[in-house]
Amino acid sequence: MQSEELIHIRRALHQIPELGFEEFETQKYLLAEIEKLDQTNLIVETWKTGILVFLKGKSPQKTIGYRADIDGLPIKEETNLPFSSNHPGKMHACGHDFHMTIAFGLLAKMVENRPQNNLLFIFQPAEEGPGGAKPLLESDVFKLYEPDIILALHVAPELPTGSISCKPGILFANTSELFIDFKGKGGHAAYPHLTKDMIVAASAFVTQLQQIVSRKVNPLDSAVVTIGKITGGTVQNVIAEEARIEGTIRTLQPETMIQVKKELQNMVQGFESIYDCSIQVDYGANYYQVSNDKKYVDIFRDALNSSDLNWVEAREAMTGEDFGYFLKEIPGLMFWLGINSEFGLHHSKLNPDEKAINVGISAGEKMIAALEE
Ligand SMILES: CC(=O)N[C@@H](CCC[C@H](N)C(=O)O)C(=O)O
């Protein structure tokens, strides 16, 4: 498949970002593209808004899985690109348009040049939330084609195009979403002593929360608590009866996640008493760490060694990925693909270098070829 065709597909997908489990247009678009391929050795299945494509190998000994996530984010795009998002307030700001295009390009190559082993391409919904990997892994349709090895990539804006970065062991953190609702007593702005002000309580909570990381977690263990959204109140001269904070917790060890949540519960009790309010905590979606299998990282590194791709030994990142659930059950790896964007992941101006699409396909091809041996 020509680079121009892939760029056309990437731009078309970029224009239709959809949130988790709402990827109807994306699914329809991908199904139409997949239908244009030679169907002789393909089985195409859908699961919710996702797609599984099984390519029967020439003399299979195993099945190699390749997963791409397909959802966008609730971010208003500000790239000013001529192919910017057509869906107001939504954007492929985490590169999933690239992930899908690369997976599709690799599939098209493999259809043309069928490998010995079976391949399973997984276009998975809802990576950004609430998490599609776990229910997909539990689904009957996935069990029919369950791969022996699983691969995936994630775009890396800070790395130059042409580079691939990976490491054995933990690559991405354990994550937990965090939604906290505060309920007190509202009233007139001039009579604070008669109210329980939830703007004050929530603001103090946000500040205090950081001390879990800085004063409770061992500095040699990594943890991040980020609050990305605060809502509360109705108007400037009314004391807010309710407030809500929304965020995420990241830790490199599952035990640290348990510790952070325990400390957070202690804080909740203290705040309920000090601010005379009720506080409800919801941990939303939780993702398991992405931990790469050393054997496959070594094979991958060797496979790229003689190529013009630049291998960068990765460090752990506090990003999360529900691909961790695949790797918990199936050995394999995730790697970073350099896309050379001035603006990072989850930024409204993320603008990946489209030349990286062929780099991603080439890396996948080399790994699949290496796994034939
Ligand atoms: C690669 C990446 O950016 N992934 C997301 C995953 C989000 C998981 C969940 N919604 C959460 O916020 O905990 C990330 O933010 O790291």
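Me: Which residues are buried in H1?
Reply: This is a predicted model. In H1, the buried ones are Leu-6, Ile-9, Arg-10, Ala-12, Leu-13 and His-14.

Me: What do the buried residues of H1 pack against?
Reply: Three helices: H2 (24–35), H3 (96–112) and H10 (356–372).

Me: How far apart are the end C-alpha atoms of H1, and what span should its 12 residues give?
Reply: The ends are 16 Å apart. At 1.5 Å a residue, helix H1 (residues 3–14) should span 16 Å, so the two agree.

Me: Switching to the ligand. Which residues come nearest?
Reply: Glu-128, Glu-177, Thr-248, Arg-250 and Gly-320, out of 13 residues around the ligand.

Me: What does the side chain of Glu-177 do there?
Reply: One of its N or O atoms sits 2.7 Å from a nitrogen atom of the ligand. The Arg-250 side chain has an N or O atom 2.8 Å from a ligand oxygen. Gly-320 uses a backbone N or O atom, 2.8 Å from a ligand nitrogen.

Me: How much of the ligand's accessible area does the protein cover?
Reply: 91% of the 410 Å² that the ligand has on its own.

Me: Now the largest nonpolar core. How many residues, and which have the most contacts inside it?
Reply: It has 60 residues. The most contacts belong to Leu-107, Phe-121, Phe-123, Ile-164, Phe-300, Leu-333 and Phe-335. H3 gives the largest share, 10 residues.

Me: What is Phe-335 in contact with, leaving aside neighbours within four places in sequence?
Reply: Ala-152, Leu-153, His-154, Ile-164, Ser-165, Cys-166, Phe-300 and Ala-363.

Me: And what does the second core include?
Reply: That separate core has 29 residues, among them Ile-122, Leu-137, Phe-172 and Ile-330.

Key: Residues are numbered from 1 along each chain as its sequence is written. This is a predicted model: local features need pLDDT of at least 70, side-chain atom pairs count only at pLDDT 80 or more; totals for chains, interfaces and linings use all residues. Side-chain values use heavy atoms; hydrogens and water are left out. Helices (H or I, at least four residues) and strands (E, at least two) are DSSP runs, numbered from the N terminus. The expected span of a helix is 1.5 Å times one less than its number of residues. Buried means under 20% relative accessible area, exposed over 50%, partly exposed in between (1.4 Å probe, protein chains only). Contact means heavy atoms within 4.5 Å. A residue is near a molecule or strand if one of its heavy atoms lies within 4 Å of it. A polar contact is a pair of N or O atoms within 3.5 Å; within protein, one must be able to donate a hydrogen and the other to accept it, and residues adjacent in sequence count only if both atoms are side-chain atoms. Accessible areas come from the Shrake-Rupley method with a 1.4 Å probe; for residues, only the protein chains shown count as cover. A nonpolar core is a set of buried Ala, Val, Leu, Ile, Met, Phe, Trp, Tyr and Cys residues joined through side-chain atoms within 4.5 Å.
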